[in-house]
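User: I have a structure here that is new to me. Can you walk me through it?

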Amino acid sequence: MAMWDRIKDQAKGLQQQAQGARGSGAQGGHGGPAGQGAFGGRSRPGSGSSGGSRAQLVSTLKSQLSSLKTELKSGAYRDASMAMCALVAAADGHVDPTERQQMESLILNNDVLQNFPPEQLRQRFSKHVDQLTFDFPQGKNQVMQEIAKAAKKPAEARAVVQTGFVIAGADGYIAPAEEQVLREACSVLGLSPQEFGL
C-alpha cells in the first residue's frame with residue numbers, strides 16, 4: 001500500500017504542476033517528452049499547454065503501470081481493462097475499422113497487458129467493441145458492469161483507469177468524450193476522478 005500512496009502523491013504533484021502551468025501560461029509545447037504521446041507518438045495539433053501537460057500525465061501513468069507489471073496478472077484486471085479500452089475506443093459512439101485496428105495494436109504492445117495471451121485480449125476487446133457499436137447505451141451498461149468487477153481491489157481498480165488513460169492518450173490528446181467515460185469508470189470503481197486529473 002505504501003507504493004500506491006507514493007504513486008498517488010506523484011500523480012497529484014504532476015497534476016498540480018500541470019494546473020500551475022495552465023494557470024500561468026508558462027508551459028512550453030516545443031519538442032521533448034511533453035509534446036509526445038504515451039507511446040512516443042505525436043501531439044495533436046492545437047492541443048496547446050494542456051495537451052503537453054496531459055501527455056506528461058499519460059507518460060507518468062504509463063510508467064507507474066509498468067512498475068506494477070508483476071502484480072497485474074489477474075483475470076479481473078485483464079477483463080476490466082479490455083472493457084475500459086473498448087469504452088475509450090467507442091467513447092464518441094462509434095469505432096471505425098482503422099481505429100479498431102489501431103486500438104488493438106496499442107493494447108497488444110502495452111507493456112503491462114503483455115502479461116496476457118494476445119488472443120485473450122483481442123477476443124475480449126472485440127466483444128466489448130461489438131456490444132458498444134451495436135447498441136451503445138446497452139453496451140456501455142454491460143461494459144461498466146465488467147469494469148466495476150475490478151473495484152474489489154483498489155490497486156487493480158486504479159490500474160484499470162490508468163490503462164484507459166494511457167490508451168486514450170496514446171496520440172498525446174484525450175478527447176472530451178474519452179475524459180467523460182474515464183470519469184464514469186472512476187465512479188463505478190469508487191475512485192476520485194481528480195486523482196487522475198479529470
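Analyst: What follows is a short talk about the chain as a whole and one of its helices, H4. This is a predicted model, in which local features need pLDDT of at least 70, side-chain atom pairs count only at pLDDT 80 or more, and totals for chains, interfaces and linings use all residues. Residues are numbered from 1 along each chain as its sequence is written, and side-chain values use heavy atoms, with hydrogens and water left out.

User: How many helices and strands does the chain have?

Analyst: There are 8 helices and 0 strands. Both are DSSP runs numbered from the N terminus: helices are H or I with at least four residues, strands are E with at least two.

User: Where is H4, and how many residues does it have?

Analyst: H4 covers residues 97-109 and has 13 residues. From first C-alpha to last it reaches 18 Å, close to the 18 Å expected at 1.5 Å a residue; the expected span is 1.5 Å times one less than the number of residues.

User: Which residues of H4 are buried?

Analyst: Met-103, Glu-104, Leu-106 and Ile-107. Buried means under 20% relative accessible area, exposed over 50%, and partly exposed in between, with a 1.4 Å probe and protein chains only.

User: Why are they on the same side of H4?

Analyst: Because they cover an arc of only 160° around the axis, taken from the directions from the helix axis to the C-beta atoms. On the other side of H4, Pro-97, Gln-101 and Asn-109 are exposed.

User: What covers the buried residues?

Analyst: The cover includes helices H3 (75-89), H5 (118-134) and H7 (154-168).

User: Back to the whole chain: what share is buried?

Analyst: Of its 198 residues, 46% count as buried.

Conventions
Contact = heavy atoms within 4.5 Å.
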